[in-house]
Amino acid sequence: MCPVCQARFRGSRECSRCGADLGTLMRLAAGAWRMREAARDAISLGDLARARALASQAQEICRTPAGRDLEMVSSWLCQETTPDP
């Protein structure tokens with residue numbers, strides 16, 4: 001959504017309603033998406049600490065429901081593989 005007028009995002013660099021430049025927002029969202037993909041890859045490789053860090057960073061940049069789920073799963077997996085003292 002456009003942070004200025006709350007119009008739905010239509011994939012254009014400029015808001016269709018108010019004309020705000022959405023380029024920076026699009027770059028941030030794309031970067032967060034790439035971090036989530038890297039977190040999924042890290043899980044499949046067993047690098048759970050990296051997965052958790054990437055998922056958390058992605059959520060800080062651009063919160064999504066799927067990102068929240070990935071963050072929770074990666075945190076849980078990280079805790080499950082940490083030995084108890």
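**Entry 1**

The model is predicted, so I kept to its limits: local features need pLDDT of at least 70, side-chain atom pairs count only at pLDDT 80 or more, and totals for chains, interfaces and linings use all residues. Numbering runs from 1 along each chain as its sequence is written, and side-chain values use heavy atoms, without hydrogens and water.

H1 covers residues 23–45 and H3 covers residues 65–81. Helices are DSSP runs (H or I, at least four residues), numbered from the N terminus. The two axes come within 11 Å and cross at roughly 30°. I took axes as lines fitted to C-alpha atoms over the stretch in contact, with angles from 0 to 180 degrees between N-to-C directions. H1 is therefore roughly parallel to H3 (under 35 degrees; over 145 is roughly antiparallel, 65 to 115 roughly perpendicular, the rest oblique).

I listed the contact (heavy atoms within 4.5 Å). H1 gives Arg 36, Ala 39, Arg 40 and Ile 43, while H3 gives Gly 67, Leu 70, Ser 74 and Leu 77. I sorted these into four nonpolar, two polar and two charged. Here Ala, Val, Leu, Ile, Met, Phe, Trp, Tyr, Cys and Pro count as nonpolar, Asp, Glu, Lys and Arg as charged, and the others, Gly among them, as polar.

**Entry 2: H1 and H2**

Next I checked H2, residues 48–61. Its axis is 8 Å from that of H1, at an angle of about 160°. H1 and H2 are therefore roughly antiparallel. This crossing is left-handed. Among the H1 residues in the contact I found Leu 28, Met 35 and Ile 43; H2 residues include Leu 48, Leu 54 and Ile 61. The contact divides into 13 nonpolar, two polar and two charged residues.

**Entry 3: the core**

Which residues form the largest nonpolar core? I found six: Cys 2, Cys 5, Ala 7, Cys 15, Ala 20 and Leu 22. A core is a set of buried Ala, Val, Leu, Ile, Met, Phe, Trp, Tyr and Cys residues joined through side-chain atoms within 4.5 Å. Buried is under 20% relative accessible area, exposed over 50%, partly exposed in between (1.4 Å probe, protein chains only). Leaving out residues up to four places away in sequence, Cys 2 touches Ala 7, Cys 15, Cys 18, Ala 20 and Leu 22.

**Entry 4: before H1**

Gln 6 lies in the segment before H1. I noted its positive phi of about 70°, although it is not a glycine. Gln 6 is partly exposed at 44%.

How values were computed: Helix = DSSP H or I, 4+ residues; strand = E, 2+ residues; numbered from the N terminus. Left-handed = near helix turned anticlockwise from the far one by under 90°.
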